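Please keep the sequence and the structure in view while reading.

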Amino acid sequence: MITLFKSVFLLLGGTYALTQLFGCLLVTSAPHNHLQEVKPLVKKISLPSINKTIAIHVVDTQETESSETSSIMKSTEECFKLEDYTPMQMLHTREFYLLFWIMFFITQTANFTNAMYKAFGQTFILDDHFLALVGAISAVFNASGRIVWGIIIDKYSFKFSIRILCVLAIAFLVSMPSTVYGGSCMFAGWICALYIIISGVFVLIPTCVATQYGTKYLGINYGLVFSNMFIGGPLTAILTQTLCKILGYEGMFYILAIFSAIGLLLTIPFRESKR
């Protein structure tokens, strides 16, 4: 048995190494003249009166003697929204702390599901191979769910998208204890659905950070929002090791539903920026 485990780890390690190598080979730098090939071109000028940078669209035309004509497309108020926030500037905004705690409460469902879905399933499903299969299939739903949430946030606002996510999470968490009576198929469906739902957190939050604070400092700004894991990780350990023994899985799912409800309420005072 130990020999089989060693073989599995070697196979997984080799597979991951090949896929990572293939991904690295696909990474290329954009050509230096790629912006010149895009129409309309975007140039930047500085207005002395407001000391802000605004976008001027330069449209190529063959009907006039001049090859380029420009028009101001943004008002002064909209130009202010194009500012890229530094990490220190972001830390002085209320929306940062709202995003921090929204992500904190919602990701508790992701953390608990990752850690305890199999242990919960073993309370009424004896087939360990089936539970492993559920985990493998749910990973596919986790990946595909990110595409779905990406499409949703492209069409709708962050607040609308995150609220839909919270409502769906609450519904499936509250009904998760009923999978004990619904059997293995219902359990598999609910776990896959939860993975689709919680995958949206890692699509909606980064998109919101980019929209809210700009892309220049996106890496560190999102890292600061994601730092809620410093609190969320230990909390998950407490929930799984302590409260789960006291309240049982049913009580834990209700607590996670309350966490999602808190995340939903935190979206109410959130003022979304439009870029």
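## The largest cavity

The largest cavity is lined by F112, T113, M116, Y117, F120, M176, I191 and F253; here a cavity is a set of points, on a 1 Å grid over the protein atoms alone, where a 1.4 Å probe fits but cannot get out, and lining residues have an atom within 4 Å of a point. Helix α4 gives the most to this lining, with five residues, where helices are DSSP runs (H or I, at least four residues) numbered from the N terminus. By class, the lining has seven nonpolar residues, one polar residue and no charged residues; Ala, Val, Leu, Ile, Met, Phe, Trp, Tyr, Cys and Pro count as nonpolar, Asp, Glu, Lys and Arg as charged, and the others, Gly among them, as polar.

About 40 Å³ of space lies in the largest cavity, and the count comes to one cavity of 30 Å³ or more. Grid points are joined across faces, edges and corners, and a volume is the space filled by probe spheres set on the points.

## How the model is read

This is a predicted model, in which local features need pLDDT of at least 70 and side-chain atom pairs count only at pLDDT 80 or more, while totals for chains, interfaces and linings use all residues. Residues are numbered from 1 along each chain as its sequence is written, and side-chain values use heavy atoms, with hydrogens and water left out.

## Helix α9 and its partners

The axes of α4 (residues 94–121) and α9 (residues 201–213) come within 11 Å and cross at roughly 175°, where axes are lines fitted to C-alpha atoms, for helices over the stretch in contact, and angles run from 0 to 180 degrees between N-to-C directions. The two helices α4 and α9 are therefore roughly antiparallel (over 145 degrees). Their contact (heavy atoms within 4.5 Å) involves E95, F96, L99, M103, I106 and T107 of α4, together with V201, F202, I205, C208, V209, Q212 and Y213 of α9. These residues divide into ten nonpolar, two polar and one charged.

The axes of α8 (residues 184–199) and α9 come within 5 Å and cross at roughly 10°, so α8 and α9 are roughly parallel (under 35 degrees). I197, I198 and S199 of α8 make this contact with V201, F202 and V203 of α9.

## A residue of helix α5

L133 is found in helix α5 (residues 128–155), and at 47% relative accessibility L133 counts as partly exposed, a class that lies between buried (under 20% relative accessible area) and exposed (over 50%), using a 1.4 Å probe and protein chains only. The C-alpha atoms of L133 and A188 are separated by 9.2 Å, although these residues are 55 residues apart along the chain.

How values were computed. Angles under 35 degrees count as roughly parallel, over 145 as roughly antiparallel, 65 to 115 as roughly perpendicular and the rest as oblique. On a 1 Å grid over the protein atoms alone, a cavity is a set of points where a 1.4 Å probe fits but cannot get out, and a pocket is an open set with protein on both sides within 12 Å along at least five of seven lines; lining residues have an atom within 4 Å of a point.
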